[in-house]
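Work through the exercises below with the sequence and the model side by side. Try each task before reading its solution.

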Protein chains: 2
Amino acid sequence: MQFHQNGFRPGDPRVEDASPLAAPHTEAVPAEVDVLIVGCGPAGLTLAAQLAAFPDIRTCIVEQKDGPLQLGQADGIACRTMEMFEAFGFAGRVLEEACWINEVTFWKPDAREPAKVVRHGRVQDTEDGLSEFPHVVLNQARVHDFYLERMRHSPSRLEPHYGRRLVDVKIDDAVMVRLEHAGREETVRARYVVGCDGARSAVRKSIGRHLVGDSANQAWGVMDLLAVTDFPDIRYKSAVQSAEGNLLVIPREGGYLVRLYVEMDKLGEEERVADRGITVEHLIAKARRILHPYTLEVKEVPWWSVYEIGQRICDKYDDVPAGEARQPRVFIAGDACHTHSPKAGQGMNFSMQDTFNLGWKLAAVLRGQAAPALLDTYSAERQVVAQQLIDFDREWAKMFSERDVDPKEFQRYFEQHGRFTAGVGTHYRPSLVTGEATHQQLATGFVIGTRFHSAPVVRITDAKPVQLGHAGKADGRWRLYAFAGQDAASLHGLCRFLAESSDSPVRKYTPAGQDVDAIFDLRAIFQQDHRELAIEAMPALLLPRKGRHGLHDYEKVFAPDSKNGADIFDLRGVDRKQGALVVVRPDQYVAHVLPLAAQRELAAFFAGFMLPA
Amino acid sequence: MQFHQNGFRPGDPRVEDASPLAAPHTEAVPAEVDVLIVGCGPAGLTLAAQLAAFPDIRTCIVEQKDGPLQLGQADGIACRTMEMFEAFGFAGRVLEEACWINEVTFWKPDAREPAKVVRHGRVQDTEDGLSEFPHVVLNQARVHDFYLERMRHSPSRLEPHYGRRLVDVKIDDAVMVRLEHAGREETVRARYVVGCDGARSAVRKSIGRHLVGDSANQAWGVMDLLAVTDFPDIRYKSAVQSAEGNLLVIPREGGYLVRLYVEMDKLGEEERVADRGITVEHLIAKARRILHPYTLEVKEVPWWSVYEIGQRICDKYDDVPAGEARQPRVFIAGDACHTHSPKAGQGMNFSMQDTFNLGWKLAAVLRGQAAPALLDTYSAERQVVAQQLIDFDREWAKMFSERDVDPKEFQRYFEQHGRFTAGVGTHYRPSLVTGEATHQQLATGFVIGTRFHSAPVVRITDAKPVQLGHAGKADGRWRLYAFAGQDAASLHGLCRFLAESSDSPVRKYTPAGQDVDAIFDLRAIFQQDHRELAIEAMPALLLPRKGRHGLHDYEKVFAPDSKNGADIFDLRGVDRKQGALVVVRPDQYVAHVLPLAAQRELAAFFAGFMLPA
C-alpha cells in the first residue's frame, strides 16, 4: 500500500483524498453522466468501484431496491475473485471474515444399508499453487459492503441512488434513460449505459436481447441455517448423494451458519417451481431424509429460497447487432446475460469478472486513452467464456441430479474442473488487446489470454516478501513485467527504449505532467538474490520520481524469493537465458509475452487500440 | 472469527451488539466508575480496549489533549505486539498498512576514506520462527485509531473523554479523582485508577512515586521526512556509524516516508536538550554530514523532535508501599513508570504489554472471578521485566553513541538481542498466576512465564490451516491447550475431569447459565493427520453447545499441519508419549505446563487466586 506520495496526510490511507472533480452526491440522480450503471449487484458494484477510481468520469449507479442488500443470495468466492478483490484492496478483510473451503467430502448411500449415507471420499478443494488465495464463502451482502466502502473512499466519493426503477432506455446521440423514483420520473442522459440488473434485466429487454437456454425441470431449495446436527462434515463443503436425492453442504462464515442446497421435485415440461408451493418445512424435511442417519435440528433459518436449474445465455452483450460496425453504447453484464446453477458457485464470480473486463475499457475510452473499438472486445471476450461456463455448468448440474452417476466419476469430474470452479479457467482469444502466442515459450506459465498467475518475489529495496501479482491494482493501468535474462543488457535496453524512443508506448501514451508510470507500470524481476542487486545500478525508469515532491518510487524491482524454495522463473517457466516481457492488462489478464528486445512488436500492439496522449 | 452464534445478524461482524449494560457516552465524565484510565496513549488505549470487552465493568478513559493523536511519536511495532494486536482483531490491518522491517543494514566509515560511509553488514531483522508476525513500523496515531475503533465496536461502545487535565487523586474508601475540563471541575469516584499519563505522570506523583535513573547527556533528534536521496538503504532499517556521528534510518509506512534518528550534541552534566535551541535545520544538516557521500534533499518534514536519552524507572507500579499488605487501587503503566531510548523501539511496545498484563487481572477481580490479591502481581511482574529492558536499553544506547565500538561487536549485540527487541524476551517468575517449572520437560517450547509461542495447526472440523495461538483473543479467558499423548486416553480423562468432577476448575469457576467455555477455553491438539480424526469420537467438551441456540462450537480440535512440514509437537518440544496440558493466561503468557492427568495440581493452581462462581 503506497501513500503520502504528495505529502503526509494523517488518518486512514484507504480513504483517498476527494477529487475536486467529484460531484457531491445529491438526492436526485444527475441529469447527465458518462456511465449509468443499472443495478447494485456484484456486477454493478464491481464496475462502479472500478470507475470510482477515475473522478474525471461521471458515473452514476442506480438500484431498484431501497437500500443495500442485507442477506441471502450468492456466497461462494472463487480464488480468481479473491485476486480481483486484492486489486480493489479488500481481499485481506474477506480472508479474515469468510469461511475457507479447504476440502470437499463426498457421501453416498451405504452399500449394505442404502438408506444411510456414508463418506466415500475427500479431496483438497483447490490444487496447490493454483492461486495465492483460497476458495472462500461469504454472504454476498458483505461483498457489496466492501465495494460500497471502496466507492465511498475513492476520489469520486461515489454512492448509489437506491429506489430507482428503470422505465425505458432510448438510444439517440446519447443514451436517454427514464427512471421512476417515489412516483416521480427522472431522466438521465448517459454516454454509456450498463445493465447489471439481473436475470430479468430491463436494460437487456430495451436492446432487444434475450436469455436463451433450457431448464433442467428440476426444483432445488436453498436455505441458510443455524442448526444442531451430528453430521460430521457440516463444516466441510460436502456433496451428499442419497437414495432420497442430493444435497450440498456449504459451511458459512462465522463458524455456525451453514447453507444447504437440497434437491426437490422433478418439474413437468412447462411447470414453474413457484407452482409447487414448496415451503421451508419441505426443504428441512427433505434435507433430513437425505442426511439419514444423521439428525438435523433447525434453530433458525435466516434465509431460504427455491429455484429451478437453468442455464441460459445471451448471444451478445451489447446493443450492436452482429455484423454492424457502429460502436456499442449499451452493455449488459452478469445475470442479465447468463444464468447458472448456483451449485458450481459461479454466478456471482463470473458476473464480477464481466464488469472487471468492461470497467477499464470504458475508462480508457472515456479518458481518451483508447479508441472506442476497444469496447467491442467486451462482448466478444465475455460471451465466449460464459458459453464455456454454461456448458460446464449444465453437465455438472446434470451429474449432480442424476441417480446413476458413478461416485468415482463424479469426484473425478469435480477434480478436473477445479480450475474452472476456481475461476482461473478463463482464456481469451487473440484480439485487439490479447496478442498471438508467437513468443509464449519465453514464459510458459504466463499463458496469453489467461489471468496473470502471481508468484512470490522479494522487493530488492527493502527485502519484503511480496506477491508479484499484487502490483496489479484496479487502477486502470497496464503492467509491464520485465523478467531479466542471463545478462541485464536486454532489460536495460528495454528501459532505454521505453524512456527515450519516440516509438515508446510510455512516451506516446502518457499525458504530459503525469507520473511516468501513470499508464504503464513497469516492474523488473531479476534472477539474482536481492542482496546481490544494487538499486544504484538500476535504470531511472525502475526508480521513478513521482508526485508533487518528485519522490522515488521504490517498489518496482524484485528478486526471486529463494527462502521459500519457489523461484518465480521456474514456477512460471520463464526463459532464463532470454528473459521475457509479460504485458498485463488492467484487469490482470496476460495480454502478451514478448522478447525484451521486441520493441517494434510492443509498439505495434499498443498502437492497435491506444490513442496518443 | 466466530459470529452468528446467537442468531444471524447482518452487517460487519466486528461491530458487536451493544450491551444493555453499556452506559451511553455523555459529554460529562461519569460520576462513578469501576476503572478510571488517565491517558489515551498506547498503554491507556490497550487497557481501555481490553476492559471495553466487559460491559458489566464501568470504564472511563480521559485524555488531556483535545482529540486523538494525528502524527509523530513512536512507530516501531514488535512481533510480540503484533501477536497482541491479533488478539484485539486488528493485526491484519496493521500488516497491510505498516512498513515491514525485513533486514537491517550496517554502515561505517570507509577504511580508506573515513569521511564516506560504506555498508559493511546486513542481517535479517527477526530470526526465522521467532513469531508468526514480522516486525513492522506504523505511525502511533494509527495504532490509536485501531484501538479506538475496537472500543467503539465493543459491547461497551467505549469512547474517550478528551480535554481533561488531572487535578488530583485522593484515596479514601474509593479513589476520588478531580479533573479540570474547559475551566470547570469534574469529580470521578473510581474503584481503581490507572495512570497511563506519560513520563510526567500526574497519577504517579499523586501516589508519591518517582522515575529514577540517569541521563546519558546526549541529545538526539528525530524527524519524519519526505525526501529524495541516493542513499541506497533508505527503505531498510539502517544503523549508520560515521565520523560525524550516528544515525538510524527507519523506513515508514506508505513507501515514501522515512524517519531519521540523528545523534546531536553531547550535553553538559546539568544541561537540558531544550537549552540548546536545536532546530530541524540542524538535524537535516547533521544527517547530511553523516550520510556523506550520499545526498539528502528534504521535501517535507511532517514531524520532528529533539530529546535526550534517559533510562528511568519507578520502583513499584502501584500505590501500596513495599511490605504493606493492603490491596492496590492506583496503578501506573507505560511511560509513567519507565522511559527508554527510542532507538531500541521498545517504549510503546512495552507500555502496551504493561496494560495487557493489568487488564485481565482488573477484569477478573471486578467481575468476582479472582481475589484482589491477583492485582499485586501486576507491579511484581512488570517492574522486573522493565528493569531488564532498561538495562538492555542503556547498554544499547551507549553502544550506539560510542565512537570506538567494534562494528562487528555492535552487530553481534544487535543479533543477540533480537528476541528482546521482538518483545518475546519477557519471562515472568513463578507467582500466583505463573507455575513452577516442575513439568516443563513435557513441552520445552512453551516456557512457563513466557508468551505462548504460536505454531501452525489444522482444524479438524474443516481442514483450515490456522495458527494455534490465534485462539487466544483479548476476551479475558484462560486457554487450556491439551496436547494428546501416544494414546488418547489421558486427554479423554482430562475432559472427563473438567466436565464432571466437583474439583474441576470449569465446574467451580464458570457461572451458571454461561457457556461452558466462558472462563476456560479448552482446545485439543492431536498427533494424527486431521483426516484420521473423527469429530464424532471427541468428548462433548471439545464440541460444546453454546449460546441461546445451543449450537456446536466446531473450533476446538486441531491436528498438526503436516503440509508445511512443521509439526507443532516437534516445533515446541511436546512430549509425544505423555502429551501435555499447557495453561495460558488471558494475556497469552504460559501459566503452567502439566501432565494431562495432573488434576490435583491443575485444581490447586486455579484455587490459588480464583473465586468460586
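## Exercises on a predicted model

**Exercise 1. Give the strand order of the open three-stranded sheet in chain B, and find its edges.**

Step 1. The model is predicted. Its open sheet of three strands in chain B runs in the order S3-S7-S4, and the pairing is antiparallel.

Step 2. Look for strands with a single partner. These are S3 (76-77) and S4 (99-101) of chain B, so each has one side without a neighbour in the sheet.

Step 3. Check one pairing. S4(B) is joined by three bridges to S7 (residues 135-137) of chain B, and the two run antiparallel.

Step 4. Name a residue pair. B:Trp100 has B:Val136 in S7(B) as its bridge partner.

**Exercise 2. Describe the open seven-stranded sheet of chain A: its order, edges and twist.**

Step 1. Write the order. It is S19-S18-S24-S21-S20-S25-S26 in chain A, with mixed pairing.

Step 2. Strand S19 (465-467) and strand S26 (590-594) of chain A each pair on one side only.

Step 3. From one strand to the next it averages 30°.

Step 4. Look at a parallel pair. Strands S21 (residues 520-525) and S24 (residues 557-560) of chain A pair in the parallel sense over two bridges. Here A:Ile525 has A:Phe558 in S24(A) as its bridge partner.

Step 5. Recall what holds such strands together. Strands of a sheet pair through backbone hydrogen bonds, in either a parallel or an antiparallel way.

**Exercise 3. Work out how chains A and B are related, and why the copies meet through the same surface.**

Step 1. Superpose the chains. A rotation of 180° with 0.0 Å of shift along its axis brings chain B onto chain A, with an RMSD of 0.0 Å.

Step 2. Name the relation. It is that of a two-fold axis.

Step 3. Find the axis. Of the residues of chain B, B:Gly92 comes closest to the rotation axis, with its C-alpha at 3.5 Å.

Step 4. Compare the interfaces. 100% of the interface residues of chain B are also interface residues in chain A, so the copies meet through the same surface.

**Exercise 4. Are B:Arg157 and B:Ala463, which have positive phi, buried or partly exposed?**

Step 1. Take B:Arg157. Its phi is near 50°, a positive value in a residue other than glycine. B:Arg157 lies in the loop between helix H4 (140-152) and strand S8 (165-171) of chain B.

Step 2. With a relative accessible area of 29%, B:Arg157 is partly exposed.

Step 3. Take B:Ala463. Its phi is near 60°, again positive in a residue other than glycine. B:Ala463 is in the loop between strand S18 (456-459) and strand S19 (465-467) of chain B.

Step 4. Apply the cut-off. Buried means under 20% relative accessible area. B:Ala463 has 7% and is buried.

**Exercise 5. Which side of helix H6(B) is buried, and which residues of H14(B) are buried?**

Step 1. List its buried residues. They are B:Val280, B:Leu283, B:Ile284, B:Lys286, B:Ala287, B:Ile290 and B:Leu291. They cover an arc of only 165° around the axis, which puts them on the same side of H6(B).

Step 2. Repeat for helix H14 (residues 599-607) of chain B. Its buried residues are B:Leu602, B:Ala603, B:Phe605 and B:Phe606. They fall within an arc of 160° seen down the axis of H14(B), so they line one face of the helix.

Step 3. Find some packing partners. The buried residues of H14(B) pack against elements of chain B including helix H11 (489-500), helix H12 (505-509) and strand S26 (590-594).

Definitions and conventions:
Residues numbered from 1 in each chain as written. Chains lettered and ligands numbered in written order. Predicted model: local features only at pLDDT ≥ 70, side-chain atom pairs only at ≥ 80, totals over all residues. Heavy atoms only, no water. Least-squares fit on C-alpha atoms with pLDDT ≥ 70 in both. Contact = heavy atoms within 4.5 Å. Pairing = 2+ DSSP bridges. Helix = DSSP H or I, 4+ residues; strand = E, 2+ residues; numbered from the N terminus. Axes fitted to C-alpha atoms, helices over the stretch in contact; angles between N-to-C directions. Buried < 20%, exposed > 50% of the residue type's maximum accessible area, 1.4 Å probe, protein only. Arc of directions from axis to C-beta.
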